[in-house]
Amino acid sequence: MAAGLVTGFSKFSIGGMGLIILPIVMLAFPGPEALGIVIPMYLVTDVMAIYMYRQNINWAVLARLLPLALIGIVVGGWWLSGIDAEQFTVMLGIIIIAILILGIWLDYQSTNIMKHPFVIYMTGLFAGFISLIANAAGPLLSLILIEQKLSKEAYVSTRAWAFFIINLAKLPTLYFLELISWETTIISMQCLPGLLIGAGIGYYVLRRLNLKQFKWLIRGMAMIAAVKLLVF
């Protein structure tokens, strides 16, 4: 329920809270099986988002990002198949810290390099990999899309469709790894009340948020989650 609340709020407000959703689920389901519980929840919010934002999609940007993202998903599946629950927990903590450091560094650096086609392709690859094993590709995809100088409407729509396609593409790999099943889907659907409440809250409070302060609050929560994964 808590993970659903955060997911709904994040999807329909400022985003960026994906770093803490998987650690929340792992409080109840430690290990890679948490990935199979999270993905149906993500897809529900993705469908809601692409219905709301179905215009002004920049397909040219998606065409550069998504092919290598799909390769990254396959590589992530191969990597995930060879680790146990303890190694997965440590790896997730390290990835969260790395994403946080990257985000803070880019706050104070010029990001013109993010417009280069090669960087876009590589970002797609890493986004697919990180999305599969940690559900934490949001900052990478958002960074690339921001640097394409899209309109606000095009940014929101393109971002929503990128997440929907990537999350949909993860299903076969998670099924092959036996991390998603009917049982995990039933568990995931228990989050729906929290998800809908979170979506409503996110939609209505977005304009009242101090975005800069809220961004640092999210980073602080993600850092606490990462430390917990690494230490406990």
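In the predicted model, Leu35 has a relative accessibility of 1% and therefore counts as buried, the cut-off being under 20%. The residue belongs to helix α3, which runs over residues 33–52. Beyond its neighbours within four places in sequence, Leu35 makes contact with Leu22, Leu80, Phe88, Leu132, Ile133, Ala134, Asn135, Leu174 and Leu179. Leu35 and Thr184 are separated by 149 residues in sequence, yet their C-alpha atoms lie 9.3 Å apart in space.

Of its 20 residues, 14 are buried, so α3 is largely enclosed by the rest of the structure. The length of the helix was also examined. The buried positions of α1 are Ala3, Gly4, Val6, Thr7, Gly8, Phe9 and Ser10.

The protein chain contains 11 helices and zero strands. Of its 232 residues, 50% count as buried. Among contacts in the chain with a separation of 6 or more, 83% are between residues 24 or more positions apart. The mean pLDDT of the chain is 80, and 84% of the residues score at least 70. Among the elements, helix α9 (residues 182–189) has the highest mean pLDDT, at 90, whereas helix α11 (residues 211–231) has the lowest, at 67.

Lys170 is located in helix α8, which covers residues 152–176. Lys170 is buried but forms no salt bridge, and the nearest side chain of opposite charge, that of Asp46, is 7.8 Å away. The side chain of Lys170 is instead joined to that of Asn167 by a polar contact of 3.1 Å. When residues up to four places away in sequence are not counted, Lys170 touches Ile39, Ile73, Ser131, Leu132 and Asn135.

Ser188 is situated in helix α9. With a relative accessible area of 1%, Ser188 is buried. Its side chain reaches the backbone oxygen of Ile37 at 2.7 Å. A polar atom of the Ser188 side chain also lies 3.2 Å from the backbone nitrogen of Met41. Apart from neighbours within four places in sequence, the residues in contact with Ser188 are Ile37, Pro40 and Met41.

Backbone geometry was examined at two loop positions. Most residues other than glycine have a negative phi. Asn56, in the loop between α3 and α4 (59–80), has a positive phi near 60 degrees despite being a residue other than glycine. Asn56 counts as partly exposed, at 47% relative accessibility. Glu178, found in the loop between α8 and α9, also is not a glycine and has a positive phi of about 60 degrees. Glu178 is exposed, with a relative accessible area of 72%.

Key
Residues numbered from 1 in each chain as written. Heavy atoms only, no water. Helix = DSSP H or I, 4+ residues; strand = E, 2+ residues; numbered from the N terminus. Buried < 20%, exposed > 50% of the residue type's maximum accessible area, 1.4 Å probe, protein only. Contact = heavy atoms within 4.5 Å. Lys, Arg positive; Asp, Glu negative; His and termini not counted. Salt bridge = Lys/Arg side-chain N within 4 Å of Asp/Glu carboxyl O. Polar contact = N/O pair within 3.5 Å; in protein donor to acceptor, adjacent residues only side chain to side chain. pLDDT = per-residue confidence, 0-100.
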